[in-house]
Amino acid sequence: MPRKPHDYHNNLHDVVKTSCHIGEELHVVTTNAYNTRVLNLRMFKVMPSKTGYTGYTKNGFFLTKSEARELRDHISELIENESAWDVVEENPIKE
């Protein structure tokens, strides 16, 4: 029996230019999934791969509204914690 087509009604809300993932952007999307509306955070390849592919990668995840709020709160706390951003050199390379 063929699967019924599903319209996710993706809505791109914002794009984060990522300096640690050259050639990729973080897309902030809401989508229909798991019988509800969810936050869909996905990496989007803007620089073509060796095969010429651009578009969404397999990297990403879904969060419910309550999970998204929890993530927001944790990220807000982390951003304001200055010591969390200190570079750690516990075992520097010795020559």
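1. Starting with the term that matters for the pocket: a pocket here is an open set of grid points with protein on both sides within 12 Å along at least five of seven lines, and its lining residues have an atom within 4 Å of a point. Keep in mind that this is a predicted model.

2. Which residues lie nearest the centre of the largest pocket? They are Leu26, Leu41, Phe61, Leu71 and Ile75, out of 14 residues that line the pocket. The volume of this largest pocket comes to about 310 Å³. Its lining draws on several elements: strand 2, strand 3, strand 4 and helix 1 each contribute at least two residues.

3. A closer look at one pairing: strand 1 and strand 2 are joined in the antiparallel sense over six bridges. If you want a spot to check by eye, take Asp14, whose bridge partner in strand 2 is Val28.

4. How many aromatic pairs does the model have? The count is two, taking ring centres within 6.5 Å as the cut-off. One of them is Tyr34 with Phe62, an edge-to-face pair at 5.6 Å centre to centre and 75° between the planes. Tyr34 is in the loop between strand 2 (24-33) and strand 3 (36-45), while Phe62 is in strand 4 (residues 55-63), so this pair ties together parts 28 residues apart in sequence. Tyr34 counts as exposed, at 64% relative accessibility, whereas Phe62 is partly exposed at 34%.

5. Phe44 and Tyr56 also pair. Why is this pair called edge-to-face? The ring planes stand at 80°, with the centres 4.9 Å apart, and planes over 60 degrees apart count as edge-to-face. Phe44 belongs to strand 3 and Tyr56 to strand 4, so the pair links parts that are twelve residues apart in sequence.

Definitions and conventions
Residues numbered from 1 in each chain as written. Predicted model: local features only at pLDDT ≥ 70, side-chain atom pairs only at ≥ 80, totals over all residues. Heavy atoms only, no water. Phe/Tyr/Trp six-rings, centres within 6.5 Å; stacked < 30°, edge-to-face > 60°. Helix = DSSP H or I, 4+ residues; strand = E, 2+ residues; numbered from the N terminus. Buried < 20%, exposed > 50% of the residue type's maximum accessible area, 1.4 Å probe, protein only. Pairing = 2+ DSSP bridges. 1 Å grid on protein atoms, 1.4 Å probe; cavity = no way out; pocket = protein on both sides within 12 Å on 5 of 7 lines; lining within 4 Å. Points joined across faces, edges and corners; volume = space filled by probe spheres on them.
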